[in-house]
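Welcome, and thanks for taking a look at this structure with us.

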Amino acid sequence: MTEPVQDETTEDQGVREFLLRHPPYDRMRREHVDFLLAHLRAIRFADGEAVTDPAAGPAEWFYILQEGLIVGEDQGEDESIDGNAWELVPGECFPIGALVNGRPVRNVQRAVGEVVCLAMPRAAFDALRELSPGFNEYCANRLSGLLERVKRQVQAEAVRDLGEDSSLNLPLAEKTLKAPLTAGPETPVIEVLRGMSAAKVGSMVIVDAEARPIGIFTLKDLMNRVALPGVALDAPIGQVMTPDPISMPRSAFAFEAAMQMAQAGIQHLVVVEDGRLVGVISERDLFSMQRVGLVNLSKSITAAGSVAEVAARSGDIHLLVAQMVAQGVKVGQITQIITLLNDQIVERVIAIVLEETGGAPEAPFSWLAFGSEGRQEQTLKTDQDNGILFEAPAGMDPEAARALLMPIAERINLALAQCGFPLCTGGIMAMNAECCLSAEEWRARFARWIDQGTPEHLLKSTIFFDFRTIWGPKAPAAALRDWLMERASANSRFRKQMAANALQNTPPLGLFRDFRLSGKGEESNTLDLKLNGVAPFIDAARILALAHRVPVTNTVERLTGAAAAGALDAGDVAAWTDAYDYIRLLRMRTNDEQAAAGSALTNRIDPAKLNDLDRRILKEAFREAKRLQTKLALDYQL
């Protein structure tokens, strides 16, 4: 490698302007940028020359690429794996990880054509980290810092359309809580009503002598527990209150409160600290800016009397997502909310169909979700991946039970299509006989895939192994999950086949340009954010979960669970989660824009239409996906 030598002065306006066009220098104080300029040296590298090399020992120089292109090369032994190179473009800096940790770089990085880098010695790099909090934060959490910037940009754009921000990412302790209106359990109903009227509130918390909430009384209770039953107004409120109100600690996030309200169908939550009442928070408090409230939307879905009414409500989910983005809700939380509402649509559709067909069939069954809904990671673009796990009654064989259930399943699948969930083109639906099985049949099918491991079996396992109960008893699916964990964790050959199959789908990092593009027709020269973006993370997390018996289906929870099992480094998991969330956010933003324009939803984007920050983060995210795949390749010696 070439030793950095003074080539030209960096104390000129051109270099300063160059730096200020790129993060983190554009957010650093002027005196800190001055320090950086004073310690930079320009260095030229010839075509093919190594800029960094693991053989050189611990990293001693911090580089900022000023002109030209640098290609990084993985040092894996298997050169047959596609995509084992990536590029750095002007404005990018390296090798931060090696400098921060005092170790050699992991990759050779070579100049393509003549390259000019701005170089700073390690001692100055360390001094700048001590001097500049912004630079230090960038070095410590480069990807998450960039993600925070793009998130703020996206949020600002959405807020312009939706009003002032009311973030759900804040703890309840940072929200302005309503002063709690309280009464003891012996207080007469009439006094409670007078107090609610005077304070112009719709609820009162009932507390014990130590200010611990033991109940809540709302206008709904007035109707159902007092007026309709004809309870005397001088009766103690403890007789008509709703006991054991749902409460959350002040440390809980507003998002968690919103999810709890939606799941329970309530509009008020009691907030406690050390078990004692400190306030009350309502749906209106959490979603004061929203035109579509999560709780009201949830309740309207569950109260719908027909499939047509459910379908009319499903369109509001798109608006709700836009509002969540404006509020700064994390993408993982948004996908959970989408999944929650979609689950409720499925539950209501099943209930309506069963009412129309004469009630629950003789064969008890559970409705299973596979794929993204099974992982609780649904976006706006989703189709049906579902099945049935049934128990044949005594005296009835599985074929007879299946014949009983499949006509019902077909009606449910068609009703879901009416509600905006397209039929699966691959036939992965409960109305397909192969997806309507007894527990014993599901085990036999999974066992065949694990034991034989054909390409078709590997493909199916990526969909079916992410199952979750949406409707019906949960115990049968839980037992199937336990069985699957034991069977797959004991079969390293099958998991190695899964890993080899997953590594065929590489992140689309280009060698001589930013990205490796694909597509046909109008979608030519685009990227597939589902296939090449989120899928590498999902596939790797699934294999890790099977190997270490992590009994969850959500991708982030699988990675976190693998770290808890000692299989992954927590810092690596944080970086992979950031990268995965960014790609999901970009996909969601793209779908939201398409929905607003009345266009068909697609997972493809044209990177040329992204701004510089998005392009840079997308490259970083793809690199993290590749790093996770490298971990998988090492684990299975691929």
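What follows is a brief tour, from the whole chain to a few selected parts.

This is a predicted model. The protein chain has 638 residues, and 52% of them count as buried. It holds 24 helices and 19 strands. Among contacts between residues at least 6 apart in sequence, 73% join residues at least 24 apart.

**An open sheet and its strands**

- Four strands make up an open sheet with mixed pairing, in the order β16-β15-β14-β17.
- The edges of this sheet are β16 (436-438) and β17 (468-471); each has a single partner strand, so one side of each is left without a neighbour in the sheet.
- On average, and ignoring direction, neighbouring strands of this sheet are turned by 40° against each other.
- Strand β14 (residues 365-369) and β17 run antiparallel and are joined by 3 bridges.
- To see this pairing at the residue level, look at tryptophan 367, whose bridge partner in β17 is tryptophan 471.
- As background, strands of a sheet pair through backbone hydrogen bonds, either parallel or antiparallel.

**Helices lying across that sheet**

- Helix α14 (residues 331-356) lies across β14 and β17, and runs at about 50° to β17.
- Helix α19 lies across β14, β15 (386-390) and β17, running at about 100° to β15.

**A closer look at helix α19**

- Helix α19 covers residues 475-489, and at 1.5 Å a residue its 15 residues should span 21 Å; the end C-alpha atoms are 21 Å apart, which agrees.
- Which residues of α19 are buried? They are Ala477, Leu480, Arg481, Leu484, Met485, Ala488 and Ser489.
- Seen down the axis of α19, these buried residues fall within an arc of 145°, so they line one face of the helix.

- Strand β8 (residues 203-207) has 5 of its 5 residues buried, so it is largely enclosed by the rest of the structure.
- From β8, Ser203, Val205 and Val207 point one way, while Met204 and Ile206 point the other way.
- Strand β7 (residues 182-183) runs parallel to β8, with 2 bridges joining them.
- One of the residues in this pairing is alanine 183, which has isoleucine 206 of β8 as its bridge partner.
- Between β7 and β8 the chain passes through helix α7 (residues 189-199), and this β-α-β crossover is right-handed.
- Strand β9 (residues 213-218) is joined to β8 by 5 bridges, and these two strands run antiparallel.
- Here valine 207 has proline 213 of β9 as its bridge partner.
- The hairpin of β8 and β9 has 5 residues between the strands, and in it alanine 211 takes a positive phi near 65°.

**Glycine 113**

- You can find glycine 113 in strand β6 (residues 108-121).
- Is glycine 113 buried or partly exposed? Its relative accessibility is 25%, so glycine 113 counts as partly exposed.
- Leaving aside neighbours within four places in sequence, glycine 113 is in contact with Phe45, Ala46 and Asp47.
- Glycine 113 and isoleucine 70 are 43 residues apart along the chain, and their C-alpha atoms are separated by 8.6 Å.

Key:
Residues are numbered from 1 along each chain as its sequence is written. This is a predicted model: local features need pLDDT of at least 70, side-chain atom pairs count only at pLDDT 80 or more; totals for chains, interfaces and linings use all residues. Side-chain values use heavy atoms; hydrogens and water are left out. The expected span of a helix is 1.5 Å times one less than its number of residues. Buried means under 20% relative accessible area, exposed over 50%, partly exposed in between (1.4 Å probe, protein chains only). The arc is that of the directions from the helix axis to the C-beta atoms. Contact means heavy atoms within 4.5 Å. Two strands pair if DSSP finds at least two bridges between them. Axes are lines fitted to C-alpha atoms, for helices over the stretch in contact, and angles run from 0 to 180 degrees between N-to-C directions. A crossover is right-handed if, with the strands pointing away from the viewer, the path from the first strand over the helix to the second runs clockwise.
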